[in-house]
Structure formats: structure tokens, C-alpha cells
Protein chains: 2
Amino acid sequence: MKKVVAGVDIGGTNTVYGLVDEKGKVLSQGTFKTTDYPKVENFVIALTDAIRKLLAANKEYRLAGIGIGAPDANYHRGTIEHAPNLAWKGIVPLADLIKKKINVPVVVTNDANAAAMGEMIFGGAKKMKDFIVLTLGTGLGSGIVIDGKMVYGHTGFAGELGHMTVVPGGRECGCGRKGCFETYASATGLVRTVQNLLSEMRDETPLRDIPPSKLTSKKIAELAAKKDPVAVRAMNETAEILGFGIINSIVFSSPEAIFLFGGLAQAGEMLFKPVRAYLEKNNYVLMKNTVKILPSGISESNGAVLGSAALIWNDLKK
Amino acid sequence: MKKVVAGVDIGGTNTVYGLVDEKGKVLSQGTFKTTDYPKVENFVIALTDAIRKLLAANKEYRLAGIGIGAPDANYHRGTIEHAPNLAWKGIVPLADLIKKKINVPVVVTNDANAAAMGEMIFGGAKKMKDFIVLTLGTGLGSGIVIDGKMVYGHTGFAGELGHMTVVPGGRECGCGRKGCFETYASATGLVRTVQNLLSEMRDETPLRDIPPSKLTSKKIAELAAKKDPVAVRAMNETAEILGFGIINSIVFSSPEAIFLFGGLAQAGEMLFKPVRAYLEKNNYVLMKNTVKILPSGISESNGAVLGSAALIWNDLKK
């Protein structure tokens, strides 16, 4: 029997899961609402039942492990800890709970680490040993790979670049502090930047007719493509602060590439071009022209499942 | 015959070298002026002759390797590259030049990486796998260890935390940029902070009678210990910005400890206490109370030789 793993991405709203073979082919996948399970025990039953169903339809495969991406997940302990966006409070021993239902190796880490592992095993970083993935969505997540290994750190929570302070005394962050990288360089950060520019600029723009709570980074990127002056400036300011945070990351680990993934990265060259220009101008001399800024090599549609699957494939190969 | 290695620290002014056994005992050491050798070929002859003399006086030992700490050194390539503080211009293939004279393994890296390796092999980080050493001297050097391995990065120049931007548009740095960490959090940075405070404050202080070019971090620490108001405030401001840069490093790699080494670290609790207080208040929630701020476990007097020796001992044990 051929080996297969399950990749699981637990989000605040939805959980996506799928079976992935050694080459990164998603054999089948499914989804259910995370919010349907206020108790983690019931969630674990639903998830393991769902995985068993997929396996029953793929009888030539044997399950070798389960990889899980989840918010506030700790790789060392196999836990989800104090996740503000999930109903399960305190410290949830997720890996242990799952192993009691299906006795295979289970690894848990945050979704950005899973994305980075997906990039390394199945995506654009296949031949790289030093790179960073930034996921630019509601927040800014990061997965850091150094010398071919994911950085988990002493606590298991390493790679929280979204909480580097980039503007001392700046925007309020969900973490209770101010000026964190993710309050500027994320899909949400771009929307906040537009609000600020609407206060500073007098230009006419359709952006004044959209309630901030309905505004998306996609809409802003569309308007920037049509040369809307506020949208263009918002995109450029976001790119500059993204470049600033990237340089502060480069002096740390000197990666070969930075991959940008997630909603904001969909803006494409409108974002990438000014980021590269900022780096060219402002990077530390020893690092100049040493780092590629790249779009993710993993498709957004099955990236979460692939990344989580890559986590466990990587562990199984050790 | 027992094995011994040579540890060499090449500074802009002096070169220090010594023989170090596997337990970190410095058997004998010596020094000469780096500036006496404007040509690197002559430097290599002087250095290898000096090491041979030490070996001749320690006949029961066999040389197993040479570890070298030097400015702008590249571990991957064994080179010193465009070092502004050395007479040897361009790319100097130091490891290869030395191997031609003494055919043993030779490794080269920057002095802060050597300090970190010394900490791991012989100092306070013996049982740690994730830590950072900050050397607070004329500049701010850093050596980063993740999962038991020194971080060299794709280029071999990783760990340049002194060139994180901590104050956008701030103080001019020797690298040509502004607001770099080392322009504030170093012995030199403390002296610059005093000059700024002398412009802002009206307090009487002996600091007004010392030419800035003669002022040292040691003198400022002495005055701070006597509660000189300008010196105390300079020490606190330096500690805060040091704490700020430390937090931005912690969210990256989540280390178990940060070791402070070098001239400014000699200020002891006057520096460490406000740094710890800053972290307690401002650290990212997932990292709170997870990081120890520690003095180096290596003595300043033979730290450079020990660190460089540790580099090659570590490679020989692989």
C-alpha cells in the first residue's frame, strides 16, 4: 500500500482537510465549519471521522501521519494555546487528542509555518535552504526556514514577524501593543492605510463611498490598477513598510528569498515592484542584491492543505 | 598526542592568538599589531610563524585546526570581504592562504559569531540550543544560534542585528543608512546619547567637561553609579532601545537567552535591570517571561581567543 498523509488547516471559521501523496498531489479534500464545534473533543471526532471517510474512498493508500496548521499552535507541545480566534480556550492538547482516535504521528504548527513547509517541499523553495514566507492576510504570519530547518525556537512560537514593532507608538495591534508589522503590512493594514490617506488627501475616489468594514485589499488593488490616486499611494506606502520589515528580517537570517503569500500578495507586481525598489535603495550593504522577493509557488486554493501535509511529510522523512 | 586548536581574533588594531584545548583551557597566547602588516600575505606568515612557536613550546599537543574571528568575515567562503577597518582591500581568501602554510582545517567568521560559539561551547550557553549573543562595543555585533547551530544564512553574513533599523530616519550609521540599532545600543551609541541629552537637559554634570571624543561608556557607567542625572538617563534610554531591538529579535527566533557582552555590558545591573524591566512591560505576549537576559559566561580578557577556538572545535566534532 502506498503512503498518504492528511493535511488539515484549522481556521477561525472553516477547517479544510485533505489527503496528500508524497509528490504533493491532493487526492481528495473536504471542509466543515470550525465554529460548529465549540468543544474541541467534538471537533476531533468530526475531523477524524472525515479523514477516515476520505481514506475509505482511497483504499490503495495507508495513512502515515497527520499535519495540522492552526492559529497559536505550538510545534514542541502539539498544542493550541490561548487562541483568540477559536472557541477552545486555554491550552488544547490537539495532537494527543487526535492520536487517541487515529494512532499515527501528528504534528501541529501555525499556518504560516505550514505555508513555509509547503513552499519548501512542494513549492518555489524546493532547492532553497534559507528563506522566509510572509502570509499577508488578516494579519501577517511568517514561517522562517534556516539551513533547511523550520525555526520553532525555544518556546515553539518562533517566527512571529507580524509582531516586530516597525512604527514605535504606531497603530494599535490585536496583541495589545502598538506599531506591529501586521498593523501595516497585511490586507487589513492596507485597508487601515486607505482610511488614513482619506483623512490626509483631498482627491476624489470611489474609496470614499465604501464603508471601511466592507473594504478589501482586493478592491484597493483593483482601484490602484486603474490609477486611483489614494489606492496607488496606499499600495506604495504598504510596500515601503513591507520592505522595511523585510530588511530588518534579512539582517537577521540572510535568506535567499522572501515569499509573499495570501490576500495582499494577490496584488501582484503592483505590490512586488515597489517592495523590490525599496530594498534596492535601502537594504544593508552586505545584503544588497542577495535576496529574491517572490510570489508563492503554491496555489492559494489548496495551499493550506498542502502546507500542513508538507509538515508531516518532512517529519516522516527524517 | 593530545589535540589542540588555535583561536585567532583579528581586530583593526591588534591580533590576538592562542592555543586552546578541548575543555577551553588557554594553554598560551600572544598578540601582535594587525597594522604592522599592510599586505595580508605577510600577515599570514607572521600569524602561522607565531602559532608554530606556541606549538613548539607545547610538544605534547598536535594542532587540529585554526578558528578565526575577523570583521566582515564570510564563513561559507573563508574570506574577509571589503572590511573598512582593515588595510586588506577587496575579497581576501584568508582561510586558503593560511591552509597553504599550515595544512589543517581553518574556519573564519565574524567576531560576534565567534563570541556566540564561545558561549555555547565554553560559556553560559552550554546547555542551550537557542540563544543570541550581542557584543556591545564600538558597534553592535550579534551571533545567533538556532537549534544548536550558528546562523550563517544564504550569504554567510547573517546575524547583522546591529543594522536593524530601530529609529526610522534616526542617527547616521557607518553603513551609510540611518537609525541602525548599533548607533544607539553600543558603547559608542551611549556616548552619542549623552551628547544628545547634554543638548536637551540643563543639569550640571562633569560630562560637560569631557570632550566627546574622549568620553567612554565606562566613564558614563561610573557617573551613573554616582547618580549623575544625565548619565542615569543616558543609561536608561540606551537600555530601552536595547530592549526594543531585543524584542524584535525575540519574535524572530524565540531564544532561551540573550547574552550581553563587550564594553557596554560591563555596566552590569545598571544596564541589565532596565533592559529586563523594558522587556517585562513591552514583550510580545507569547514571548513574555520566556527569555533570560544574561551577562556573558566568558571573560572579556580571553573571550576572543576562546570564541575563535570554539568555532573550530565545534566543526571538528561534527
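Colleague: What should the 14 residues of helix H4 (residues 187-200) of chain A span at 1.5 Å a residue, and how far apart are its end C-alpha atoms?

Modeller: Keep in mind that this is a predicted model. At 1.5 Å a residue, the 14 residues of H4 in chain A should span 20 Å. That agrees with the model, because the end C-alpha atoms of the helix are 20 Å apart.

Colleague: Okay, and what covers the buried residues of H4(A)?

Modeller: Start with who is buried: among them are Ala187(A), Leu190(A), Val191(A) and Val194(A). Thr188(A), Gly189(A) and Thr193(A) are buried as well. The cover over the buried residues of H4(A) includes three elements of chain A: strand S9 (131-136), helix H5 (217-225) and helix H6 (229-253).

Colleague: Zooming out, which helix gives the largest share of the side of domain 1 of chain A that touches domain 2 of chain A?

Modeller: Chain A is divided into domain 1 (2-118 + 301-317) and domain 2 (127-295). Their contact takes 12 residues from domain 1 of chain A and 13 residues from domain 2 of chain A. On the domain 1 side, the largest share is six residues, and it comes from helix H3 (residues 111-122) of chain A.

How values were computed: Residues numbered from 1 in each chain as written. Chains lettered and ligands numbered in written order. Predicted model: local features only at pLDDT ≥ 70, side-chain atom pairs only at ≥ 80, totals over all residues. Helix = DSSP H or I, 4+ residues; strand = E, 2+ residues; numbered from the N terminus. Expected span 1.5 Å × (residues − 1). Buried ≥ 20, exposed ≤ 12 C-beta atoms within 10 Å, placed from the backbone. Contact = placed C-beta atoms within 7 Å. Domains from an automatic or database assignment.
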